[in-house]
Amino acid sequence: TITCISAGYPQPTIEWTTPVYSPLSLPSRMSVTNSSSTTSAGLPLTTSALTISRTLREDNGTFVCTSTTKAGVSSITTELTVLEVPNAPDAPTLGSIQARSATINWLEPLPNNSPITMYYVLYEYTYFNGSVITNVNTYPSTARQATLTGLSPHFN
């Protein structure tokens, strides 16, 4: 919820402008609630609350609250940044291959306004007796490659 308060005479009217939608075409997940009161000095006061029940990526941007009276127009802005889980990297590419290790490379994925804090690289291998070992290694957010070690050669 973003709240905007305006005092003036006569009673101020408040209108919201969003990055994508006009005030008359807000989607159902957005609502505006206005209330009127007076200040302690008796001046008319309008409080307007823009509520977004579920944010989407397209909501990123500047929201503008515009208050209008016969005396004039005043606006204030607030910036909304929608944070989402970063995308996973695309499929890694194979770099160098050694007898018991391999290097994989990847490109940085879209962060979706959320910082990537680390990468998890999971790989499995199966022993001759059928048992499966899973390795999980972590790499810093600046990494773009990983070396998988402890591999066994595979013979057909």
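Is Arg57 buried, partly exposed or exposed? At 46% relative accessibility, Arg57 counts as partly exposed, where buried means under 20% relative accessible area, exposed over 50%, and partly exposed in between, with a 1.4 Å probe and protein chains only.

A word on the source: this is a predicted model, in which local features need pLDDT of at least 70 and side-chain atom pairs count only at pLDDT 80 or more, while totals for chains, interfaces and linings use all residues. Residues are numbered from 1 along each chain as its sequence is written, and side-chain values use heavy atoms, leaving out hydrogens and water.

The structure holds four salt bridges, each being a side-chain nitrogen of Lys or Arg within 4 Å of a carboxyl oxygen of Asp or Glu. One of them joins Arg57 to Glu84, with the closest N and O atoms 2.7 Å apart. This pair links distant parts of the chain, 27 residues apart: Glu84 sits in the loop between β6 (72-80) and β7 (93-97), and Arg57 in the loop between β4 and β5. Strands here are DSSP runs (E, at least two residues), numbered from the N terminus. Glu84 is partly exposed, at 27% relative accessible area.

Salt bridges that share partners also join Arg29, Glu58 and Asp59 into one network. Arg29 meets Asp59 at 2.7 Å, N to O, and because Arg29 lies in the loop between β2 and β3 while Asp59 lies in the loop between β4 and β5, the pair ties together parts 30 residues apart in sequence. Both Arg29 and Asp59 are buried, whereas Glu58 is partly exposed at 39%.

Methods: Helices (H or I, at least four residues) and strands (E, at least two) are DSSP runs, numbered from the N terminus.
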